[in-house]
Amino acid sequence: MAEIRLAIELAGLRLRNPTMNAAGVLGLTAGLLRRVYEEGAGAVVTKSLGLKPRMGHPNPTVVYVEAGLINAMGLPNPGVEYFLGELGRLKAEGIPVIASFFGETLEEFVEVASRLSEGGVDALELNCSCPNVEGVGLLGSDPGAVERVTEAVKGCVDVPLFVKLSPNVSDIAQVARAAEQGGADGLTAVNTLRAVAIDVETRRPILSNVTGGLSGPALKPVALRCVWEAAEEVEIPIIGCGGISNWRDAVEYLLCGASAIQVGTAVMSRGLGVFREIDEGLRRYLEANGFKEVSEIVGLAHKA
Ligand code: SIN
């Protein structure tokens with residue numbers, strides 16, 4: 001029987017398989033991120049970190065809807081310094097860590113990224129696409145701003161930089177190109193889709209922030225379209241994200257042009273076992289179809 005290799009090389013990172021958690025899922029303590037790795041992920045991604053501790057929006061911040069959930073957390077986090085303490089414990093165990101981060105100004109993006117890079121993260125994921133914090137979400141819909149912030153961050157870090165794109169734009173290919181031109185080593189596509197849920201009893205929006213970001217299965221076809229359009233536009237690798245619940249979803253993303261995938265909402269609905277299930281399903285799919293490596297199927301749906 002041919003040996004199937006799930007290991008991938010992603011913008012210079014060597015990962016044992018192409019799965020990771022999406023930023024924000026399970027927070028950022030070393031204990032929880034270690035569990036994600038122990039349950040089969042190839043790398044772990046932190047909740048988005050800012051320069052200082054931040055409370056986020058008041059409750060309610062999450063609501064389940066048909067085929068997904070809407071969140072408007074407002075980027076709560078304990079600040080970059082807190083995470084640097086946790087990071088040491090993860091690095092001592094050889095766990096590949098991708099730190100998601102944001103800033104309220106270009107200078108803050110640079111400062112947080114520099115501290116994380118110096119602190120020893122393996123890669124960075126620049127969050128310019130949170131739909132729940134005005135400055136951060138708007139940034140991701142302005143290609144010029146995306147290029148500038150990417151370039152500024154890239155100029156001061158030593159690790160691969162992924163830019164997480166928003167689906168809430170009219171031309172995602174343009175934003176993808178801007179990130180690539182700014183020097184991004186890869187993209188994550190995509191963050192959540194702006195949405196609203198209404199309570200018929202109170203006759204009011206359910207979330208305190210009124211709008212939130214839709215994730216889960218309802219997002220998948222939109223996110224796949226975003227990956228498709230980005231993959232047609234850029235040369236850098238793409239991490240697919242949005243509604244991945246099982247190995248079939250993961251294979252769809254790989255065929256669509258993603259080199260790796262992130263799982264978010266399904267970790268909450270199905271538990272951490274989802275990583276091993278995706279790894280095993282992917283291995284079976286490759287074997288049954290005569291492939292030896294994950295990279296062989298990346299982008300196949302684009303080929304005539
Ligand atoms: C949030 O904290 O509101 C969600 C984070 C994000 O969508 O980037």
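Biologist: Let me get the rule down: a charge counts as sitting over a ring if NZ of Lys or CZ of Arg is within 6 Å of the ring centre and within 35 degrees of the ring normal. So which residue lies over the face of Tyr37?

Modeller: That's Arg16, at 3.6 Å from the ring centre of Tyr37. Keep in mind that this is a predicted model, where local features need pLDDT of at least 70 and side-chain atom pairs count only at pLDDT 80 or more, while totals for chains, interfaces and linings use all residues. Residues are numbered from 1 along each chain as its sequence is written, and side-chain values use heavy atoms, with hydrogens and water left out.

Biologist: OK, on to aromatics. How many aromatic pairs turn up in the whole structure?

Modeller: Two. To pair, rings of Phe, Tyr and Trp (its six-membered ring) need centres within 6.5 Å; planes under 30 degrees apart are stacked, over 60 edge-to-face, and the rest tilted. Phe101 and Phe109 are edge-to-face, because their planes are at 75°, with the centres 6.0 Å apart.

Biologist: Phe101 and Phe109, buried or exposed?

Modeller: Buried means under 20% relative accessible area, exposed over 50%, and partly exposed in between (1.4 Å probe, protein chains only). Phe101 has 0% relative accessibility, so it counts as buried, and Phe109 is buried too, at 3%.

Biologist: What about Trp247 and Tyr285?

Modeller: Those two make a tilted pair, 6.0 Å centre to centre with 40° between the planes. The pair links distant parts of the chain, 38 residues apart: Trp247 is in helix H8 (residues 247-256) and Tyr285 in helix H10 (residues 273-288). Helices (H or I, at least four residues) and strands (E, at least two) are DSSP runs numbered from the N terminus. Tyr285 is partly exposed, with a relative accessible area of 21%.

Biologist: Switching to backbone. Which residues does a cis peptide bond join, with omega about -5°?

Modeller: Asn59 and Pro60. Pro60 is in the loop between strand S4 (44-45) and strand S5 (62-65). A cis bond also joins Ala189 and Val190, with omega about 15°; Val190 belongs to the loop between strand S10 (186-189) and strand S11 (193-196).

Biologist: And where is Ala11, with its positive phi?

Modeller: In the loop between strand S1 (8-10) and strand S2 (13-15). Phi of Ala11 is near 50°, and Ala11 is partly exposed, at 24% relative accessible area. Val210 has a positive phi as well, near 70°. Val210 is in the loop between strand S13 (204-205) and strand S14 (211-215).

Biologist: Why flag those?

Modeller: Because most residues other than glycine have a negative phi, and most peptide bonds are trans.
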